[in-house]
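Hi,

Here is the structure I said I'd pass on.

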Amino acid sequence: MINKIAPSIAHALQGLTNDQTLLIGGFGTAGIPDELIDGLIAVVQERQVQGLTVVNNNAGNGEAGLAALLKTGCVRKVICSFPRQADSYVFDGLYRSGKVELELVPQGNLAERIRAAGAGIGAFFTPTGFGTELAKHSDGSPKETREINGRMYVLEHPIHADIALIKAERGDRWGNLTYRKAARNFGPVMATAAKCTIASVHEVVELGSLDPESIVTPGIFVSHVVQVPRVATQGGGFKKEA
Amino acid sequence: MAYTRKTKDQMAARVAQDIPEGAYVNLGIGMPTQVANHLPQGLEVILHSENGILGMGPAPVAGQEDYDLINAGKQPVTLMPGGVFFHHADSFSMMRGGHLDICVLGAFQVSEQGDLANWHTGEPGAIPAVGGAMDLAIGAKQTWVMMDLLTKQGASKVVRACSYPVTGLACVKRIYTDLATLEVTPQGLRLIDAVDGLSRDELAQLVGLPIHG
């Protein structure tokens with residue numbers, strides 16, 4: 001019998017090792033897998049994991065969640081679109097002191113690079129970022145460009161990951177998932193791009209009770225489902241964004 | 001001659017006036033968000049939010065906020081009947097794929113060729129952040145900019161070439177400002193309208209570039 005319902009977050013994170021790449025879902029207050037991040041921090045501290053690359057839209061707020069993960073010192077590199085926020089001081093400090101490397105990626109290119117990884121695409125040409133500072137590699141050399149039908153494009157590569165942590169709403173033991181409102185954001189795309197995808201859900205339901213027409217992430221993309229208590233998502237921490 | 005600058009509300013109303021029924025529109029963070037307040041009641045315009053919403057409605061009444069239902073500026077919003085949710089790759093496909101009709105963005109500078117600078121001041125030591133700005137700039141069928149024409153120091157933000165790092169090249173179609181509305185054409189800037197009392201010649205002097213009628 002297939003049973004992807006994990007007894008604990010630590011159990012689901014058994015495969016975590018040094019230097020892995022982790023996709024972490026969420027945008028603003030919506031879809032951040034807070035409980036999974038807390039569980040990750042506990043495992044990182046217990047096993048003294050180092051050298052992680054974290055992919056998220058942002059780079060943490062305040063002291064909790066992703067910021068707390070950064071604070072442990074286990075993250076070597078952040079790949080994101082919007083690191084600078086009113087309260088992103090943990091990232092700011094680590095970045096300015098050279099302890100964390102930043103790869104800044106336009107949000108749509110970020111989503112598409114993750115999608116490409118999940119879809120088995122080798123690389124793709126995108127118009128986004130052409131002619132800008134972000135059409136350069138970290139060493140300053142230009143990324144490959146090409147004119148296609150009169151328009152200019154930049155070659156971008158997929159972002160493959162070892163582990164994805166995403167937040168869903170409901171799941172079953174085959175790993176089929178549904179989401180809630182705009183908390184869906186990066187979840188379905190990230191689920192496809194990691195060797196091991198761990199989804200938190202607020203409800204575990206019987207196999208067959210999710211409407212097959214409404215399942216957003218088919219279980220083939222999901223390794224572990226962890227049930228977490230429902231907590232109302234809260235505001236705050238995002239009010240002064242540029 | 002004396003003239004009066006448009007208020008932010010008047011600028012938002014001016015932009016709203018040009019949005020046709022049935023348009024799929026993304027309103028950027030900041031000033032462009034206010035355009036929604038000026039769309040006539042009953043006009044069906046479908047608002048897109050790049051975090052994964054089509055058919056976005058206004059802010060909820062106090063106490064009804066749902067922080068799983070937020071806009072790209074991370075403020076709580078509502079969903080109109082017929083509204084839908086989707087993931088990020090689909091959301092940005094709607095832009096990049098040319099499905100979105102209009103995108104309204106703020107800007108630091110726009111060049112006379114329509115180059116846009118709105119993501120980074122390029123100051124040394126500043127941590128850059130881009131979000132969806134570059135995707136939006138080149139994604140919509142039409143990108144409109146909404147900004148004050150002049151900086152606080154009186155320099156034109158419509159320029160021959162952007163001095164700030166660019167967000168996208170030759171992507172801006174119209175520039176809505178507190179003094180005039182301009183169209184970016186292959187022949188250069190064209191005046192659509194200006195505030196009362198401001199002539200095309202005076203405007204061209206303020207901007208320092210030729211402006212066609």
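Predicted model: local features only at pLDDT ≥ 70, side-chain atom pairs only at ≥ 80, totals over all residues.

Is α5(A) mostly covered or mostly open? It's mostly covered, with 12 of its 13 residues buried. Among the buried ones are Q107(A), L110(A), R113(A) and I114(A). The cover includes β1 (21-24), β5 (124-126), β7 (151-156) and α6 (187-193) of chain A, along with α2 and α3 of chain B.

Now the domains. Chain A is assigned domain 1 (13-121 + 159-227) and domain 2 (123-156), and their centres, taken over C-alpha atoms, are 26 Å apart. Where they meet, nine residues of domain 1 of chain A contact eight of domain 2 of chain A. On the domain 1 side, α5(A) gives the most, five residues. By class, that side has four nonpolar, two polar and three charged residues.

Then there's the other chain. In total, 33 residues of chain B are in contact with 42 residues of chain A. On chain B's side, α2 (88-96) and α3 (133-139) each supply at least two residues, and α2(B) has the largest share, with five. That side of chain B divides into 18 nonpolar, eight polar and seven charged residues.

How values were computed:
Residues numbered from 1 in each chain as written. Chains lettered and ligands numbered in written order. Contact = placed C-beta atoms within 7 Å. Helix = DSSP H or I, 4+ residues; strand = E, 2+ residues; numbered from the N terminus. Nonpolar A, V, L, I, M, F, W, Y, C, P; charged D, E, K, R; others polar. Buried ≥ 20, exposed ≤ 12 C-beta atoms within 10 Å, placed from the backbone. Domains from an automatic or database assignment.
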